[in-house]
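Notebook open, structure loaded. I want to look up the sheet, the pocket and the ligand surroundings, in that order.

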Amino acid sequence: MLIKSPPSWAISESDVTPESVYLNRRKFMAGTVAATAAMAMPVLGRASEGRTASQPLNYAKAAEYSTEEELTPYKAVTSYNNFYEFGTGKEDPARYAGGMSVDPWSVIVEGECEKTGTYALEDLLSPRQYQERIYRLRCVEAWSMVIPWVGVPLADVIARLKPRSKAKYVYFETLHDPEQMRGQRSLFSVIDWPYREGLRMDEAMNELAFLAIGLYGKTLPNQNGAPIRLVVPWKYGFKSIKSIVRIRFVEERPKTSWEMIAPEEYGFFANVNPEVDHPRWSQKRERRLPSGLLSPNWIKTVKFNGYGEQVAGLYKGMDLARHY
Ligand SMILES: Nc1nc2c(c(=O)[nH]1)N[C@H]1C(S)=C(S)[C@@H](COP(=O)(O)O)O[C@H]1N2
Ligand SMILES: [Mo]
């Protein structure tokens, strides 16, 4: 394995090389040429880079966003995943996502905001004051984990992009690159790529909405959505879109991937709710991982995944049985 220097977003602003070098690199990245060229590189060239090891991050623990529950071990968090771009099996992402190139990475910001443009990831995240937050993640398939994420509040990033009053929703897209993502080459894929997600603006500005760049103190493994993914812990896991390359501020509610596939099973809001069963299974309980098939660790599912105090107000007057 090639030894790689840490990606620039892994370093806090104060550790960064002299300002002149930084500004030059910024200028270079701003053209997007670098990022596009890297993405267009032949697969063989990238493959020789090998698996990028996770890099340690500097962060402060956010005590108010924590839990006493036991953390799901790193091994389980990084080996049992949903990331259909790499296949539909739970072990496919860990097996096949390693070759995805995540450095450099750029994110396009467009639509109803003042600061549209193509951002190098480190610039989107600047001033790079990372926090650790321990959140529950509840998949619509009735399993859950407790994960220590590292990242930044989504609200801080959005505020810097200065959305206009017309922006009622924020829309996200994952990388679409069939050369790197074998699931996107599959003829049997149910998803119309790229993977799409969205939040209502007030949901996106809620204190809990988080952009994660790491877990367990290190940069995200590719299978968990490197280099940047959304985490909205009061909603079913499919809302927490991985490997984001586009953020668009829009007036109309966007079409999202799982809603496009089966609107009667997966709603736009997708708030965790034990009172509304999935048409094919109960949502009253969940398997807290790790839990073997022989000794499933079933626990009760809590409305809004236990985050009602922070988010219930967003849905006042809405019939959550209909707007699931
Ligand atoms: N781009 C993309 N994002 C995605 C998915 C996916 O298939 N593609 N799966 C979602 C689902 S269903 C879940 S439960 C979580 C899983 O996150 P984890 O693998 O880090 O636990 O990612 C979500 N984000
Ligand atoms: Mo999920």
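Terms before the sheet: helices (H or I, at least four residues) and strands (E, at least two) are DSSP runs, numbered from the N terminus. Two strands pair if DSSP finds at least two bridges between them. This is a predicted model, where local features need pLDDT of at least 70, side-chain atom pairs count only at pLDDT 80 or more, and totals for chains, interfaces and linings use all residues. Residues are numbered from 1 along each chain as its sequence is written, chains are lettered from A and ligands numbered from 1 in the order in which they are written, and side-chain values use heavy atoms, with hydrogens and water left out.

**Sheet**

I traced an open sheet of five strands, ordered β3-β2-β11-β6-β7, with mixed pairing. β3 (117-120) and β7 (196-200) are at the edges with a single partner strand each, so one side of each has no neighbour in the sheet. On average, neighbouring strands here are turned by 20° against each other, direction ignored; axes are lines fitted to C-alpha atoms.

Next I followed β2. It runs parallel to β11, residues 106-111 against residues 244-250, joined by four bridges. Val109 sits opposite Ile247 in β11, and Ile108 has Arg246 as its bridge partner there. With β3, β2 pairs in the antiparallel sense, again over four bridges, and Val107 stands opposite Tyr119. β2 and β3 make a hairpin with five residues between them.

**Pocket**

For the search, a pocket is an open set of points on a 1 Å grid over the protein atoms alone, where a 1.4 Å probe fits, with protein on both sides within 12 Å along at least five of seven lines; lining residues have an atom within 4 Å of a point. I got about 470 Å³ for the largest pocket, the volume being the space filled by probe spheres set on the points.

Which residues lie nearest its centre? Asn82, Cys139, Tyr195, Gly237 and Phe238, out of 27 lining residues. Strand β5 (residues 143-153) gives the largest share of the lining, four residues. By class I noted 17 nonpolar, six polar and four charged residues, with Gly counted as polar and Tyr and Cys as nonpolar.

**Ligand 1**

Counting residues with a heavy atom within 4 Å, I found 17 around ligand 1, the closest being Asn81, Tyr84, Glu85, Thr174 and Lys242. Then I checked polar contacts, pairs of N or O atoms within 3.5 Å. A polar side-chain atom of Asn81 is 2.8 Å from a ligand 1 oxygen atom, and one of Arg229 is 3.0 Å from an oxygen atom of ligand 1. Thr174 places a polar side-chain atom 2.9 Å from a nitrogen atom of ligand 1.

How values were computed. Axes fitted to C-alpha atoms, helices over the stretch in contact; angles between N-to-C directions. Polar contact = N/O pair within 3.5 Å; in protein donor to acceptor, adjacent residues only side chain to side chain.
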